[in-house]
Amino acid sequence: MIGQDHDFSHLDRVGRAMASVSRNPRLAVNITLGAGVLLAWLLLGAMAIRGAESRVPGIDAPGDMMLRYLPQLPLPDFLERFFTLCLAPAPLDGGVGAQAGALIVMWFLMAIATMLPSAAPMIRTYCEIADTARIKGEPVVHPLVLVAGYLNVWLAASAVYAALTLIVHAFASPVQMLDPVVGATGAVALLVAGLYQFSGLKEVCLTKCKNPFSILFSNWSARPGRIFRLGVEQGVWCLGCCWALMLVMFVVGVMNVFWMALIGLFTLIEKQTAGRLPTRIAGAILLVWAAALLVISA
């Protein structure tokens, strides 16, 4: 990908618009990521509505009452099947393999919806460096290769969270797969998430996420494989920042879109704020919450 001018006058209006986007990497990546995040939220929202409507009476999750008043749109059969696999309390006819696959996709959608926006500074930094190189006529790897490496890490993490979901609910009461985990199990999840906020590893990962320029600039390359690995590296730092916070979703209900939005907003603020005050406040809240849950469930 190099900075060259092309004549698109022979194309129609739609063709010229698409060609203009394709030769502007920053615009292309913004449109692609924006569409991906929006689609992820729409699918998760639709699944949350289905979950609220099918919840067993008397065990409503936070926000269910509001979700039931939202319109239920007709969905293709494959999406209905996908939602059913994610929400079922036990494997359906397709077996545990089909349910595990659906849960991996669900967790990956959650990662796109909540974590990809917080990667914007890293992606923007890469685009700025790439634009400078492109203006000089140097070959540049498209930013979406970097994004692919970043998302590859979260896809792997989604498989771990999916396995954890199956393990947790294998020992839970026969309710929906994504209902909140209560009692000692939920308290342990909150305790781990709270303590991690004060750990040195969290601080190192957060520092790397806040300052992507030095990593991207010092490891700059015109080889797609190297840029993909850079994306993987940044994804690992991001996962190191946020993996414990994702455990909170087990306590509030994995498909609680309100908590998804809150965690996504917090990670965005955390990576944009100097100092560790938001991190420590969140850690303290999680620890108090864990203690309260233990007292209630005792």
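Since the model is predicted, local features need pLDDT of at least 70 and side-chain atom pairs count only at pLDDT 80 or more, while totals for chains, interfaces and linings use all residues. Residues are numbered from 1 along each chain as its sequence is written, and side-chain values use heavy atoms, with hydrogens and water left out.

Starting with the overall fold, the chain has 14 helices and zero strands; here helices (H or I, at least four residues) and strands (E, at least two) are DSSP runs, numbered from the N terminus. Of the 298 residues in the chain, 45% are buried, where buried means under 20% relative accessible area, exposed over 50% and partly exposed in between, with a 1.4 Å probe and protein chains only. Contact means heavy atoms within 4.5 Å. Among contacts between residues at least 6 apart in sequence, 77% join residues at least 24 apart.

On the annotation side, an unreviewed UniProt entry places the feature "transmembrane region" at residues 27–49, 100–123, 144–171, 177–198, 236–269 and 281–297. Those positions are given in the numbering used here, feature names are shortened, and annotations may be inferred rather than shown by experiment. Residues 100–123 come out as 79% helix and 0% strand, with the end C-alpha atoms 31 Å apart. For residues 281–297 the span is 100% helix and 0% strand, and its end C-alpha atoms lie 24 Å apart.

Next comes a helix pair. Helix α9 (residues 200–210) and helix α11 (residues 224–242) have axes that come within 8 Å and cross at roughly 135°. The axes are lines fitted to C-alpha atoms, for helices over the stretch in contact, and angles run from 0 to 180 degrees between N-to-C directions. α9 and α11 are therefore oblique to each other; angles under 35 degrees count as roughly parallel, over 145 as roughly antiparallel, 65 to 115 as roughly perpendicular and the rest as oblique. On the α9 side, the contact is made by Lys-202, Val-204, Cys-205, Leu-206, Lys-208 and Cys-209, and on the α11 side by Gln-234, Trp-237, Cys-238, Gly-240 and Cys-241. Leu-201 also sits in α9 and, at 49% relative accessibility, counts as partly exposed. Leu-201 and Gly-240 are 39 residues apart in sequence but 7.5 Å apart in space, C-alpha to C-alpha.

As for cysteines, the structure holds zero disulfides, a disulfide being a pair of cysteine sulfur atoms within 2.5 Å. Cys-238 is in no disulfide, and the nearest cysteine sulfur, that of Cys-242, is 4.4 Å away. Cys-238 counts as buried at 1% relative accessibility, and Cys-242 is buried at 0%.

Leaving aside neighbours within four places in sequence, Thr-267 is in contact with Thr-114, Met-115, Ser-118, Cys-242 and Leu-245. Thr-267 is buried, with a relative accessible area of 0%.

Finally, Ala-102 lies in helix α5 (residues 95–114) and is buried, with a relative accessible area of 5%. Not counting residues up to four places away in sequence, Ala-102 touches Phe-82, Leu-85 and Cys-86. Ala-102 and Phe-83 are 19 residues apart in sequence and 8.1 Å apart in space, C-alpha to C-alpha.
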